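Subject: The structure you asked about

Hi there,

Here is the structure, ready for you to open beside this email. Have a look at it first, and then read on for what turned up.

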Amino acid sequence: MKKDLARYRNIGIFAHVDAGKTTTTERILKLTGKIHKIGEVHEGAATTDFMEQEQERGITIQSAATSCFWKDHQLNVIDTPGHVDFTIEVYRSLKVLDGGIGVFCGSGGVEPQSETNWRYANDSKVARIIYVNKLDRTGADFFNVVKQVKDILKATPLVMVLPIGVETEFKGVVDLLTRKAWIWDDSGDPMNYTIEDVPADMVDDVEAYREQLIEKAVEQDDALMEKYLEGEELSIEEIKSCIRKGTHDMAFFPTYCGSSFKNKGVQLVLDAVVDYLPAPNEVKPQPEMDLEGHETGKFAIVDPDKPLRALAFKIMDDRYGALTFTRIYSGTLSKGMTVLNTATGKTERIGRLVEMHANDREEIESAQAGDIVAIVGMKNVQTGHTLCDPKDPATLEPMVFPDPVISIAVKPKQKGGDEKMIAALTRLVQEDPSFHVETDQDSGETIIKGMGELHLDIKVDILKRTYGVEVEVGKPQVAYRESITKMIQDSYTHKKQSGGSGQFGRIDYVIEPGEPGSGFQFESKVTGGSVPREYWPAVEKGFKQSIDKGVLAGFPCVDLKVSLTDGGYHPVDSSAIAFEIAAKAGYRQSIPKAGPQLLEPIMNVDVFTPEDNMGDVIGDLNRRRGIIKSQTKSLMGVRVKADIPLSEMFGYIGDLRTMTSGRGQFSMEFSHYAPCPNNIAEQVIKETKERELAMAK
């Protein structure tokens, strides 16, 4: 049976830490759960104690996608974390969403992390509505947040409701379209509300804002605009159709307010999701690629009868086994079916399919285009892999994850805890593509790598709490890189003539610096067969394998180009292996002459500080070799953006809190690699060599 895709909404909720995203998600589940199970006895006015909800929240919020129902529409709600070290989570969730709710704190406004998330959502072209939460808080100001959305996010908020009362007096909202006031009592029950006329002292404001709303909306439809300008009254349905179009095109963002904790205002946000956010078949379809990663010009059309195209976007362990959360873009996925994983080239059979519901999970036989489901027990699927029809293979645009920039060594506190630790780390790697684990060849240490100190702190915490593995943690290490600054022409001959068949390979080559970010490039300019064509890949392989270890401190060497210009071979003694060895030796011989330099990761740092502490904060950033890019004042304080080497940012949160009496905040993300100053480079090289010597002993 084909589902009515128009009644589907795949949405995500994203926000800065502490803007109340989890509480909002939970209220949505509570409200929709009530609606979903009609006939349940109303629970009176008792409000659940907040900590109990914290305990309840264990499953609902962790499940990556949970389905609920509102006004005959199925909402698949995807939860995203707020903290910057996990923007990767936000990014991968945005890949599978059709629409979103951006939650902002009524007093904190547009905070650094909400800005990063907003930028990601713009890049992913996800339509959104805005919800200003915590209006019951001291210092909350809906209109100030609306202004910040314009100034900081450069977005156009479309104000849909006005708050009734502020801070402790906040009791409801006026819906501008219907000119009706929704007023909740203080029982804390979201169902205890009345719909009344607009309070007398708000009538003028309501009319003024309603006019602005309609004028902005009708810009989307010339015929309705003409009708409106001629003084005709537009119906609510006509206005809604304009708002829907403008929301889909991201011309503006319908803006609501409320207090999730006090259960006020959430219903109107749910109505807006249904009224204005796009259904799966209303968003631009995903481009398909062939198995080599080239666009084919075809698209994964949202249609259950088309070939299967699905993207695994999150892997989660739970008591039933590994759950692979999957968004189906086209086709149908059913139990017992065999699917091809384009990343591994292997097929897998679909065992069990489940749909997550607000408070339980339901086994299903099949799912189709537009659905978000979890597959139980997939073996080799990782985040970002495409599952498709083996008879008609294609891959969806893969997710690109940044390389980790920080690493620490970990070892279990308990004797013999290695196996348990490695098993737990393996699971964490499957769940989070920006988290890497490797074993140091020389020392045998287990190294974990991630996107920042907090990212690794949380992983260590999960090891302890979820898997019962306590670990000792080494000093954080920065992921430096090496590169070269000069072009060098060189030659190397590998020959071995002792007993048995000999080995011979001569290469003449040029090594030169590449463009930043270009990685490793190789080309052969050999003419006339001085190095036969079948040996070129061996030369490339020899150089490519060598760049993992730079000559200064053993960090990977990046951004260099090798050109094979000439050489020589022996009809009997030459072989691919001889040329590969020549290339490896040539690398060791030539790189020290090519002006090698150390590169360090530079982070985009975004700091919020109260104005009184601005001088201290900026002075401190300068001391950390920071380059200040901008300073923006707001009502709450000053935001400073800077580029700062990662090595200078360890322990920064503690220093910032001390300087700002706990009121400062910051977020950072990797920006680029840049040459390290000589004195720093010398120190890093010295420390690396000392560490290697200590390990050798």
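A quick definition to start: a salt bridge here is a side-chain nitrogen of Lys or Arg within 4 Å of a carboxyl oxygen of Asp or Glu. Please keep in mind that this is a predicted model, in which local features need pLDDT of at least 70 and side-chain atom pairs count only at pLDDT 80 or more, while totals for chains, interfaces and linings use all residues. Residues are numbered from 1 along each chain as its sequence is written, and side-chain values use heavy atoms, with hydrogens and water left out.

**Overall picture**

The protein chain has 16 helices and 38 strands; helices (H or I, at least four residues) and strands (E, at least two) are DSSP runs, numbered from the N terminus. Of its 697 residues, 52% are buried. For burial, the cut-offs on relative accessible area are under 20% for buried and over 50% for exposed, with partly exposed in between (1.4 Å probe, protein chains only). Among contacts in the chain with a separation of 6 or more, 73% are between residues 24 or more positions apart, where contact means heavy atoms within 4.5 Å.

**Salt bridges**

How many salt bridges does a search of the whole structure find? The count is 34. One of them joins the side chains of Glu470 and Lys413, at 3.7 Å from N to O. This pair links distant parts of the chain, 57 residues apart: Glu470 is in the loop between α11 (453–465) and β28 (471–473), and Lys413 is in the loop between β25 (406–412) and α10 (418–431). Glu470 has 34% relative accessibility and so counts as partly exposed.

Lys525 and Glu523 form another salt bridge, with their closest N and O atoms 3.9 Å apart. Lys525 is partly exposed, with a relative accessible area of 46%, and Glu523 is partly exposed too, at 28%.

A further salt bridge brings together Lys541 and Glu580, at 3.5 Å from N to O. Because Lys541 lies in helix α12 (residues 536–546) and Glu580 in helix α13 (residues 576–590), the pair ties together parts that are 39 residues apart in sequence. Elsewhere, salt bridges that share partners join Asp620, Arg623, Arg624 and Asp655 into one network.

**Helices that pack together**

Two packed helices are described by the angle between their axes and the distance between the axes. In this model, axes are lines fitted to C-alpha atoms, for helices over the stretch in contact, and angles run from 0 to 180 degrees between N-to-C directions.

The helices α12 and α13 pack at an angle of about 40°, with their axes 7 Å apart. They are therefore oblique to each other; angles under 35 degrees count as roughly parallel, over 145 as roughly antiparallel, 65 to 115 as roughly perpendicular and the rest as oblique. On the α12 side, the contact includes Lys541 and Phe543, and on the α13 side Glu580 and Tyr587 are among the residues they meet. By class, the residues of this contact are seven nonpolar, four polar and three charged. Here Ala, Val, Leu, Ile, Met, Phe, Trp, Tyr, Cys and Pro count as nonpolar, Asp, Glu, Lys and Arg as charged, and the others, Gly among them, as polar.

Helix α8 (residues 236–248) and α9 have axes that come within 9 Å and cross at roughly 80°, so they are roughly perpendicular to each other. Lys240, Ile243, Arg244, Thr247 and His248 of α8 make this contact with Val274, Asp275 and Tyr276 of α9. As for α9 (residues 266–276) itself, 10 of its 11 residues are buried, so this helix is largely enclosed by the rest of the structure.

**A buried glutamate**

Where is Glu600 found? Glu600 sits in strand β35 (residues 596–609), and at 2% relative accessibility Glu600 counts as buried. Leaving aside neighbours within four places in sequence, its contacts include Tyr480, Arg625, His672 and Cys676.
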